[in-house]
Amino acid sequence: MEYRIKDISLADKGKKKIEWAEANMPVLLSLKNKFKESKPLKDLVVGGCLHVTKETAVLTKTLAAAGATIAWSGCNPLSTSDDIAASLVKDEELSVFASRGVSTSEYYEDIYSVLKFNPDITIDDGADLTIEFHKTFDKYGKNIIGGTEETTTGVLRLKALEKTSKLSYPIVAVNDAETKHDFDNVYGTGQSALDGIIRATNVLIAGKSVVVAGYGHVGKGIASRARGLGASVIVTEIDPINALKARMDGFIVATMDEAALIGDLFITSTGCKDVIVGSHIEKMKNGVILANAGHFNVEISIEEINGMAKSSKHVNENVEQFVLKNDAKVNVIGEGRLVNLVAAEGHPSEVMDMSFANQFLSVINLVNNKGKFENKIYEIDRDQDLLIAGLKLEAMGIKIDKLSEVQNKYLSEYGEGT
Ligand SMILES: NC(=O)c1ccc[n+]([C@@H]2O[C@H](COP(=O)([O-])OP(=O)(O)OC[C@H]3O[C@@H](n4cnc5c(N)ncnc54)[C@H](O)[C@@H]3O)[C@@H](O)[C@H]2O)c1
């Protein structure tokens, strides 16, 4: 075991949090129980790069119970829970390279500490590890079987790599599972992004004009939760269909130029860059709050805000207040990094239960079918989605109807009409 973490004495606190998460992740727990005897991942190294949270800890424990050796780094400089990292090292004896507040160079050093284990499987969130792996594939790639990718932005990056024909091993796009993006991205980020904003600022959401940039899975969840808390929500979009959906879901749709004039709180969730730039900032009201829920810190141009500011200070741990040359104040949460992980605890365990069940089963599938996959991006099998949804419903004590023979026949034939 090797590690680089902040403080091992935080392990007891982390262990309690992991136990709390585990109690709320019944699907993953059932998979752990199913595979702990047969150990299908024995002698294999799983190299992970994914937010070190209590839910991720449950995933790493499940992989380890199935026999894997774990080497893990964080996938964002500000998202590691140091107490969780400590417990994974002290209590689970896993190799973890992560701490909150790493510099860019430390961040990449941690990724390389993982790659030095010569992974058989990679699990990534945002594709930083996978891209670095590709740069050093000759050195560390000798054992690779396949990998997975957790988030929309990572899948986009890897699909771009696939297009160049340079993808060196098969990747399962876990984000594309319905039991992932329709729940994690929507309900998980929807709730936890607001949670992060409230923990960081304690502002009243009711009565605010909240601008949500992007009405995809994440934006939809955030917009709905902000409305539920009493905000008037304005959505900005670039996709005409998603813009129409937002309008017909009852939100105002506007350009960012228009929304900049009326918003009190801005939340970006596009996966794109330069969504809020200087020309928007100069139109904004005094005292606005800016937060980002997209994967990378490129949606709000902190660089341009810095260039427009005459001073800045932290008004609390996660909020930096910039005073512009015209004396207007702009408050940025968590350096424009994903607000739900920087200022709160990330997604609730119940929703990560399904995302990480998808991760775990995708790893098992890659290992069981070693050599059969091409160097492509693969979608999750429909059967896996249905299995996870079924297990989740069962754990929630919910039964659903089954098609009768007559109904089955009716739905599979064309004869019966008016
Ligand atoms: N914070 C988290 O924990 C978390 C969780 C899941 C996903 N993510 C990240 O959130 C981002 C969005 O993910 P998603 O699943 O909602 O993606 P998505 O593709 O479903 O939605 C993105 C939406 O943004 C819109 N968009 C793109 N560029 C835009 C721009 N310049 N202005 C306005 N709208 C724009 C698109 O048209 C689309 O509707 C990604 O970066 C993803 O990786 C974060």
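In which strand is the place of isoleucine 171? Isoleucine 171 sits in strand S6, which covers residues 171–173. The model examined here is predicted. Isoleucine 171 has a relative accessible area of 1%, so this residue counts as buried. Leaving aside residues up to four places away in sequence, isoleucine 171 touches Thr130, Gly147, Thr148, Glu149, Leu158, Lys376, Ile377 and Tyr378. Isoleucine 18 lies elsewhere: 153 residues separate it from isoleucine 171 in sequence. In space, the two C-alpha atoms are 28 Å apart.

The overall fold was considered next. The protein chain holds 18 helices and 15 strands. Its radius of gyration is 22 Å. A compact globule of 418 residues would have a value near 22 Å, so the chain agrees with that expectation. Along the principal axes, the C-alpha atoms fill a box of roughly 70 × 65 × 45 Å. Of the 418 residues, 55% count as buried. The accessible surface comes to about 19000 Å². Carbon and sulfur atoms account for 51% of that surface. Contacts were also sorted by distance along the sequence. Among contacts between residues at least 6 apart, 72% join residues at least 24 apart.

The largest has 49 residues. Within this core, Leu41, Leu63, Trp72 and Phe360 touch the most other members. Several elements give two or more residues to it: H1, helix H2 (26–35), helix H3 (54–65), strand S2 (69–73), helix H4 (82–90), strand S4 (121–124) and helix H16 (349–368). H16 provides the largest share, with eleven residues.

Charged side chains were then examined. Side chains of opposite charge can pair when their charged atoms come close. Across the whole structure, 23 salt bridges are found. One of them joins lysine 392 to aspartate 353, with 3.0 Å from N to O. This pair links distant parts of the chain. Lysine 392 belongs to helix H17 (residues 382–395), aspartate 353 belongs to helix H16, and the two are 39 residues apart. Lysine 392 has a relative accessible area of 9%, so it is buried. Aspartate 353 is also buried, because its relative accessibility is 0%.

A further salt bridge connects lysine 285 and aspartate 264. Their closest N and O atoms are 2.8 Å apart. Both residues lie in loops. Lysine 285 is found between helix H13 (278–281) and strand S11 (288–292), and aspartate 264 between helix H12 (256–262) and strand S10 (265–268), so the pair ties together parts 21 residues apart in sequence. Lysine 285 has a relative accessible area of 35% and is therefore partly exposed.

Arginine 199 is partly exposed because its relative accessibility is 45%. Aspartate 195 is partly exposed too, at 26%.

Met1, Tyr3 and Ile8 make a nonpolar patch of about 310 Å². Tyrosine 3 is placed in the segment before helix H1 (11–23). Its relative accessibility is 44%, so tyrosine 3 counts as partly exposed.

Lysine 39 is not a glycine, yet its phi is positive, at about 45°. This residue is in the loop between H2 and strand S1 (45–49). At 34% relative accessibility, lysine 39 counts as partly exposed. Aspartate 43 lies in the loop between H2 and S1. Its phi is near 70°, again a positive value in a residue other than glycine. A residue counts as exposed when its relative accessible area is over 50%. Aspartate 43 has 66%, so it is exposed.

Methods:
Residues numbered from 1 in each chain as written. Predicted model: local features only at pLDDT ≥ 70, side-chain atom pairs only at ≥ 80, totals over all residues. Heavy atoms only, no water. Patch = residues over 30% accessible without salt bridge, like charges linked within 9 Å, V, L, I, M, F, W, Y side chains within 5 Å. Areas by Shrake-Rupley, 256 points an atom, 1.4 Å probe, with all protein chains shown as cover. Salt bridge = Lys/Arg side-chain N within 4 Å of Asp/Glu carboxyl O. Helix = DSSP H or I, 4+ residues; strand = E, 2+ residues; numbered from the N terminus. Buried < 20%, exposed > 50% of the residue type's maximum accessible area, 1.4 Å probe, protein only. Rg over C-alpha atoms; globule rule 2.2 N^0.38 Å. Contact = heavy atoms within 4.5 Å. Core = buried A, V, L, I, M, F, W, Y, C linked by side-chain atoms within 4.5 Å.
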